[in-house]
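Here's a quick briefing to read with the model open beside you.

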Amino acid sequence: MNYKTALGSAIVFTGILSLFILSGFQFRENTPDAQSEILAQAENILDGMTLREKIAQLFIIRANGSYYADDDNEFLHLSRMVEEYQVGGIIFFRGDVYNQAMLHNRLQERANIPLWISQDMEFGAAMRISGTTRITPAMGIAATGNPQWAFEKGRITAQEARAIGVHQIYAPVVDVNNNPDNPVINVRSFSEDPETVGIYATQFIKGVQSQGLIATAKHFPGHGDTNIDSHTALPVIRHSWDRLNSIELMPFRSVIDAGVQSIMSAHITFPAIADDPSHPATLDGRLLNAVLRDSLGFDGMVVTDGLEMQGIAGFYSPGEAAVMALHAGADLMLLSPDELTAIHEVERAVSRGDITEERIEASVLKLLSWKIDHGLFRNAQANVNRISRLVHTRESRLTADQIARESITLVRNNNDILPIRPERFPKVTVIAIANSESGAVGSGFQSRLNAYHPDISFHLYDDRTSSEDLDKAIASARGSNLVIVGSFLPLTTGQPITFRREQRQFVERINRLNKPTVMVSFSSPYILNELPDADVHMLAWTSLGSHSSAAAAALFGASEINGRLPVAIPGLYERGDGYHIPKSALREDHPEVAGLSSEQLYEINRIMQSAIEDSVFPGGIVAVVKDGILAYRQAFGYHDYRKRRQVRTNDIYDIASLTKPVATTAAVMMLYDEGKLSLDTPVSTFFGAYSEGEKAQITIEHLLNHTSGLPAFRTYVDRFRTQESILAAILEEPLINSPGEKLVYSDLGFILLAEIVARVSGQSFDSYLNRTLYYPMGMTDTLFRPRRRGRWTLNRIPPTEIDTVYRNTTIQGEVHDERAYFMGGIAGHAGLFSTADDLSRFAQLLLQQGVYHNKQYLQAETVQKFTRRDDDRMGRALGFDLKSLEGFTTAGSLSSASTYGHLGFTGSSFWTDPERNLSVILLTNRTYPHRKTSAGINQVRSKVMDAVIEAIQD
C-alpha cells in the first residue's frame, strides 16, 4: 500500500498499538493527542505493508554522500535497495555537504516510505561530511571542565546534520574509558569517571535534542574496559553485575533518566550476566531486555552497532545475526554485510515461528512513528537553499575554535619552558610522527608555529621517511635549543595507539640528545608514555579542525591553558592533573572573538580603497588589536602606482616618526626601569655642550615631552652628512624657548635621546633594542637599515619617494628621512622599519602593562607614567602623542580621552585606546612618489579609528 493512502485511511487502534502507547516511547510532539495521532497513523501504514516490507524497514544500509550519475552502479544499487526492497533508512559515511544532501533527496524521491537518515557524528558533522564543523573529541570536551561545551557540540552537530537531511546521530559515546589499552574508544569517551561521562553525555544529548534530532548513546552496556577492537574481533568483559552496575551502567542510567531516545548495543560478550556467555550484547536478550529495558527502564529505540563488524560477522551469518538481534530486543539493524540475505532469513524465521510478526511490527511501529513525528511523510527533502545559513556558520566555527583552545591540557612544564620565547629558544626543531603516506600530516601545526617563532625547522616522520631523512631530523634537533615532538597517531581500526618499534628507537635517539623536549599528543593521552622523560607534556586531542592552531597558540602563550586531564595516565598523571598558564602573547583570530563585527569592520576596506583611488597613497595595511587578539589585518593596493606588486600583510614599511615611541621611548623606558636613567637626569650629564646657560636645565623628560626649547626642524644635510657632524650641529643649536616653557614637536631631541641610550647601555642604539626588546618579543621584522638583509627583504618594502634633491633615486629599503639617512640609517627620530604584526605585538605589550610572553619587559607603573595625560605635559605624554581634545584629531572622534599613540611622516600611525583595550595600526607610503600635504592621510587615520570603534559589539 502507498503510505499516502494509509495516512488518509481510518484510525484503528489494535492491541499492538495500545501496548506501544503504554511503552513510553518518546516523540517530539509531547501532547497525548498528538502522540496518539502519530501512533494511529503509523498503525495504518503498518497495516498496508507486507511482512517482507516490514522486515526491510528495520535495515539501515550504507551510502557515501558523494555525487553519482544516474547510471552509476552505486546509485543504481542504492535505488534498487530503496525502491524494490524498501529498506528503512540510510547511514551515510564520507561525503560533502551538497552532494550528500542531493543524494538524500534523490533517494527520498524513490522511496515509497520515507527513508530514515542517520550518521556517525562523534566529532561534529565533519566526522563524515567535509565542509561542516569539526568539534573537539569527547575527552577534550571534558578536559575543558565545562559541560556547556558538550551541549553546544550536540547543538551545532545537530543543526548542521538536520540541514543536510540527517535525522539520527550515532553519538555520544557513553563508554567509561577505564582501560588505557583500549584501542577503539580512547578520546571518543568523555572520561574514566562514570559520573563525568554521564554529565557530559547528558548535555550533548540535550544539545542534539534541542534541534529536534535523535541522539544515540553507545555502546551498551559499555565498551570502555577492553583491549580488543570489536571491529576486528569479539571482546570479552568478565565483570560481575555489581561491577557493571557501579561503573559501566552508571552513565547509561544518567542519559536514560535524561530522556535519550536511542541506544546502540555493543558487540562484546559479558559472560557473567548474559543469557549465553558466548553471545555479544547485541544478540543477548538478558542484556537488552532484562538489563536495558527492565532494570534501567529504557523505552526507546535500540540500534545495533554495525553488523558487518567482526565481533558479529566473524561468528554469525547475516541472517543469524539479524534474527538473534531481534530476539534479543534490538530494533534497527545497522550495516548488515548482506541485507538481502538477512531480510530473507528473518522472513523465514517468522514463517517457521522462530520469531513472531508482532515482534517485527513493534520495532517497525517505532520507526514509522519517528518518521511521522519528524514530518517525513509531509516532506522528506533536505532544503538545500537553507544549508548555507545553517552549516559551518561563523558562530559554529568560533564556538568550535573556543572549545579547542579550552581543551588544551598541560600536565608537565619543567623549568617553565612554556610559554616558549624566541629569545630563550632561538632555534626550534619540530618533528611530527605519523602512520601515513600523505606527506601532509602536521603541516597545519607547522604553519601556525611559524607565526610565533622565526626559526622553526620542521621534519615529518611517516611511512615514507628514509633513514637519511631521520638522520637529518636528528642533526637538526642536535643544533636546536628546543625539540617539539608531535604525535599524530590517529584512532585506527585494529591498530594500537602506540609507537612502532622503529618509532620508539627514533624517539630514544632524540632523548639521548639531552635537549629540552616538548611532547604534544594530537590523539591519545596515553601516548605520553612513549616519551615519559619529556620536559613538557601537552594534550591537544586531535590534529583536525582548529586543534593545530590551538596547540601552537598555547605553546607560545597566545592563549590560556587551563585544561584538566579526564583520565589517569598510568605511571605519569592522575585524573584532574593540569597546569594553568595565562595568555600573555598576541593571537590572530576572528574579529568576533574580540567583540568586533566583521561586517562593520568592512568599512575600513571602503575607506582604504577610496583613499587609494584618490591617490592619497598607492597601498597600505591596517591592523586592529583588541582584547589580546589581532582581530583584523588587511593589505590594500600596491607598492607603487605602476600597480605591479600588490601589498601583502607581511610587508615592511618605513614607519618614520613611529621610531620615536617604538624605539627611542621604549629604550628609555627600559633603562628607566633598570635604574640607569632618570627622567630628571640633566642632558648635560652626557653632553658637555649642555652644561651652561638654559641648556643646563634640559632633562630627559624635556626631550621626551618636546619641551626642551629645541626647534622643530633643521635641514642640516645641505651642510652636514655624517652622524658626528649632524649630532654636533644639534648640540650647537640655540634654544628657541626656555626649557619647559612651550611644547614644540622636535626631531632634534630624539636624535639626542638615541645617543644617550647608546652611551648608557654601552651598546649601539639598534643593538640594544634588538637584544632587549625586538628579538625577545618576536619582532624580527622591526629593524634599522633593512637593505642589509638582502633582496628577499627588500622586495617586501614599498618605496617611499622618488628623491630629486639629495639622493636622486627611488628610496626603497633606506630611511626616507634625510637626516637619519646621513646618520647611517639609525637615529632616534626616524629610521625604523616594521610590519603590522610586529607593531601589533608592541601595542599589546603596552596594553598588557609591559608583559609579553609571560615576561615583564616594562614595569606597569612605567607604562602608565609614560602614556598618561598630565596637565603639566601640555597635551603630550612622554614619547607618545595624545588624542587632541579639541578640534580635529587623527585619533578619531570616538576614541577615549586617554588614547595615546604617534604618527609617522611616511603615512604610518598607531593609536591605542586603553579604555577599550584597543590599538589601531596604519601603514602606508603616502610620500610616494613625492611628499605632499598630510590632509588626506590624516582624514584616513581618523576615519579608520572611528570605523573600528563603531565595529565594537555591545
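Helices (H or I, at least four residues) and strands (E, at least two) are DSSP runs, numbered from the N terminus. This is a predicted model, in which local features need pLDDT of at least 70 and side-chain atom pairs count only at pLDDT 80 or more, while totals for chains, interfaces and linings use all residues. Residues are numbered from 1 along each chain as its sequence is written, and side-chain values use heavy atoms, with hydrogens and water left out.

**Confidence**
- The protein chain averages a pLDDT (the predictor's confidence in each residue, from 0 to 100) of 93, and 97% of the residues score at least 70.
- Residues 3-24 are another story: pLDDT stays under 50 there, and the model has 41 contacts (heavy atoms within 4.5 Å) beyond four places in sequence for this stretch.

- Seven strands make an open sheet in the order E16-E18-E17-E29-E28-E27-E26, with mixed pairing; two strands pair if DSSP finds at least two bridges between them.
- Strand E16 (587-588) and strand E26 (881-882) are at the edges with a single partner strand each, so one side of each has no neighbour in the sheet.
- E26 runs antiparallel to strand E27 (residues 900-904), and two bridges join them; Leu882 has Tyr900 in E27 as its bridge partner.
- Helix H33 (residues 935-950) packs on this sheet, touching strand E17 (619-626), E27, strand E28 (908-913) and strand E29 (918-924).
- The direction of H33 makes about 145 degrees with that of E29; axes are lines fitted to C-alpha atoms, for helices over the stretch in contact, and angles run from 0 to 180 degrees between N-to-C directions.
- Glu950 is part of H33 and, leaving aside neighbours within four places in sequence, is in contact with Gln600 and Leu894.

**The three-stranded sheet**
- Another open sheet has three strands in the order E19-E23-E20, with antiparallel pairing.
- Strand E19 (653-654) and strand E20 (783-784) are its edge strands, each pairing on one side only.
- Two bridges join E20 to strand E23 (residues 832-834), and Phe784 has Leu832 in E23 as its bridge partner.

**Cavities**
- On a 1 Å grid over the protein atoms alone, a cavity is a set of points where a 1.4 Å probe fits but cannot get out, and lining residues have an atom within 4 Å of a point.
- There are five cavities of 30 Å³ or more; grid points are joined across faces, edges and corners, and a volume is the space filled by probe spheres set on the points.
- The largest cavity holds about 50 Å³ of space, and its lining includes Glu122, Lys153, Pro172 and Arg188.
- That lining divides into seven nonpolar (Ala, Val, Leu, Ile, Met, Phe, Trp, Tyr, Cys and Pro), no polar (the others, Gly among them) and three charged residues (Asp, Glu, Lys and Arg).
- The second largest cavity has about 40 Å³, and E28, E29 and H33 each supply at least two residues of its lining.
- E29 gives the largest share of that lining, three residues.

- Ala171 and Pro172 are joined by a cis peptide bond, with omega about 15 degrees.
- The Leu418 to Pro419 peptide bond is cis too, with omega near -5 degrees.
- His392 isn't a glycine, yet has a positive phi of about 55 degrees.

Terms used. 1 Å grid on protein atoms, 1.4 Å probe; cavity = no way out; pocket = protein on both sides within 12 Å on 5 of 7 lines; lining within 4 Å.
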